[in-house]
Amino acid sequence: MLGFKQFLPKKIFSDNSGLTKNVVIDSLLLEAVSGEDAAEVSVDTLANSRISFEETNGIKFPPETFENYKGFQHLISFYEKLLQLEKTGQGNVRIAYFGDSMTDGDMIVKDFRSTMQNRFGGEGVGFVNITSESAPSRTTLAHQFSSNWKTLSYLNVKNPQRPFGINGHVFFVKKDTVDPVWVKYKALQWRHVNELNNPTLFYGKSGNTRGRIATIIGKDTIIKKLTPTATVNTLQVAGNIKAMRANFIAADSIPFYGFNFDDGKGVHVDNFSNRGNSGLPIATFNPTVMKAFNEKLGYDLIILHYGTNVLNYGSLNYSWYEKRMAKVVNHLRECFPGVAILVISTADKSTKYDLAMKTDSAVVPLTQAQKRYALSTNAGYVNLYMLMGGDGAMVKWVEEVPPLANKDYTHFNFRGSKKISDLIYNQLNDGFEQYKKLRGYKTPSQVKKPVAKKDSLTRKTDSTHAH
C-alpha cells in the first residue's frame, strides 16, 4: 500500500491518517489495491466511440455514444418479462439488488421496490438474512435475533465451511449453546410490506438429520423437521402473517441463509447490501449454489450498485477495478445464466479542497471505469453521478432545505434516497417504454413517472441515514 501511495493524489493521505474513519473494506478490495494490477495505466479508447447493438429477439435499440451509454439493449430479457406482466397481470419478476452502505437498512431499495410494486403488483419485502448489522436501521421490517449465531461473510472469509448464500453470508448455530437460538421478524405498516408473505426458510446441505424449526406465531407453535439433503433447501413455515419467531432446535452444522417473504406475484426486489463492499467479493460465489438459489427464486435482473468504498482510496486510475469487476459480471453470468445485469455508478461524493467542499477528484474516473466494465460485459448502465446533477451535486443535496443527504457528503438521507430511487426507476422505465415501442406494443394509458417527494413509505421524522 505504501508503494501505491506515491501514485495517488496528495489530498488522499495525510501524515497521520489512513482510510476514512469507520469504513470497513472487504478483503478482496484490500488485495486488489495493494496488488500489481493497481498500478496499471488506463488508456481510454472509448471516449469518442459509437456503440451499435446486435439484434436480440427481433429488437434492436438505436446506437449510443460512450458518453451517454445506457445499454438498454442488454436489458431486453428483463423488459420482456415486465411487458408480459403488464399485459397479462400474471407471473412474476424478481430483482437482486446488490449494494454497499448506500442501500444499508433497505435505503433506496425500499423505494425502488415500492414503485415497482405500485405499478406491476407484488407483495413482500423479499429475502432477509438470519442476522444483519443493519437490522436496527431497517424501516421495512422489524428484525431481531439471538446472540448465539455464527455469521460468516464473503467480505472477510475466503473459504467458509459451507458455501455462501446469494446474500454473501452463511449462518450457523453456535456449538454447545445452551440458550435458545432464534430469529424474529415483524412486518411494519408500509404499503406492500405490511405482512410477512409466505415466510420460507432457505438453508443448505448437512448430514444433520435431527434439526427442527419451531415457528411461534401468536400463541401457536408449529414444529417442522429440517431436511438438509439438497444444495439449497426451502421450508415454508406459515402463510401470510404479521410476526413470527423461529427457534432452531438441534440445528448445529446446518448452513442457514435467511427467510424469503413474497406472494409469488408481481415484482419482488431483494436487498443484498453489505457495508464496506466493493462488489469484488461476488467473484467468490459458488456457481452450483447460485444456480440452486436461482431455480427457487428465479431472477430476471441483477443490479450492482457499488463505488462508495472504492472511492475511499481516491485513486484516479481504476483500470484494476474495471478489470476485476468485469470478471465479477462474467462470473455472475455463469452463476445466473440469461439474467440481465445493470451497473449503477457511484454517486457524487464531496471532499474538502482548500476549505471548500467539492466533488472528489476520484468520482469521475471511477464512473468512467464502471461504464467501461458495463459496456465490455454487455450490461446496462446508470450514471448516478450525472443523474443527481454531476459536478458539485452532493454539496447541493446536503444544503437543500430540507436536506437530501447527510453531512458526511457521501450518504443520502431517507428523503434523498427516495429521489435517488426515482432517478434509477425513471431511467429503467425510459428503456422499458422504448422497448415497448420497438416491440410495437401500445400501453392503454401512459404511466406517469414518480415524483421525487416524500410518500407514504417515508416517516416524517426520517431525515437522516442511520449507520
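Buried, as the word is used here, means under 20% relative accessible area, exposed means over 50%, and partly exposed lies in between (1.4 Å probe, protein chains only). By that scale A356 is partly exposed, because its relative accessible area is 29%. A356 has its place in strand β19 (residues 356-359), and its C-alpha atom is separated by 9.9 Å from that of V395, 39 residues apart along the chain.

The structure is a predicted model, in which local features need pLDDT of at least 70 and side-chain atom pairs count only at pLDDT 80 or more, while totals for chains, interfaces and linings use all residues. Residues are numbered from 1 along each chain as its sequence is written, and side-chain values use heavy atoms, with hydrogens and water left out.

**Overall composition**

The secondary structure of the protein comes to eleven helices and 20 strands, where helices (H or I, at least four residues) and strands (E, at least two) are DSSP runs numbered from the N terminus. Of the 467 residues in the protein, 58% are buried. Contact means heavy atoms within 4.5 Å, and among the contacts with a separation of 6 or more, 77% are accounted for by residues 24 or more positions apart.

Two strands pair if DSSP finds at least two bridges between them. An open sheet of five strands, with parallel pairing, has the order β15-β3-β16-β17-β20. Its edge strands are β15 (266-273) and β20 (380-382), each of which pairs on one side only, and the twist averages 20 degrees from one strand to the next.

| Strand pair | Bridges | Bridge partners |
|---|---|---|
| β3 and β16 | five, parallel | Y97 and I303 |
| β17 and β20 | three, parallel | V343 and Y381 |

Strand β17 is mostly covered, as five of its five residues are buried. A340, L342 and I344 point one way from β17, whereas I341 and V343 point the other way, and all are buried.

**Packing around helix α3**

Angles under 35 degrees count as roughly parallel, over 145 as roughly antiparallel, 65 to 115 as roughly perpendicular and the rest as oblique. Helix α3 (residues 76-88) packs with helix α4 (residues 109-120) at an angle of about 45 degrees, their axes being 10 Å apart, and α3 and α4 are therefore oblique to each other. In this contact F78, L82, L85 and E86 of α3 meet M116, R119 and F120 of α4, which divide into five nonpolar, no polar and two charged residues. In these classes Ala, Val, Leu, Ile, Met, Phe, Trp, Tyr, Cys and Pro count as nonpolar, Asp, Glu, Lys and Arg as charged, and the others, Gly among them, as polar.

Helix α3 also packs with helix α11 (residues 414-439), at an angle of about 75 degrees and with the axes 10 Å apart; α3 and α11 are therefore roughly perpendicular to each other. Here I76, F78, Y79, E80, L82, L83 and E86 in α3 meet Q427, L428, G431, F432, Y435, K436 and R439 in α11, and by class this contact has eight nonpolar, two polar and four charged residues.

**Helix α5 and strand β14**

The buried residues of helix α5 (residues 287-297) are P287, V289, M290, A292, F293, N294 and L297. They pack against β3 (92-99), β4 (126-129), β9 (200-204), β12 (232-236), β14 (256-261) and α7 (319-335). At the start of α5, a side-chain oxygen of N286 reaches to within 2.9 Å of the backbone nitrogen of T288, and α5 is followed by G298, whose phi is positive, near 70 degrees.

Six of the six residues of β14 are buried, so β14 is largely enclosed by the rest of the structure. Strand β14 pairs with β4 in the antiparallel sense over four bridges, with N260 as the bridge partner of F127. Four bridges also join β9 to β14, again antiparallel, and there T200 stands opposite N260.

How values were computed:
Axes fitted to C-alpha atoms, helices over the stretch in contact; angles between N-to-C directions. Polar contact = N/O pair within 3.5 Å; in protein donor to acceptor, adjacent residues only side chain to side chain.
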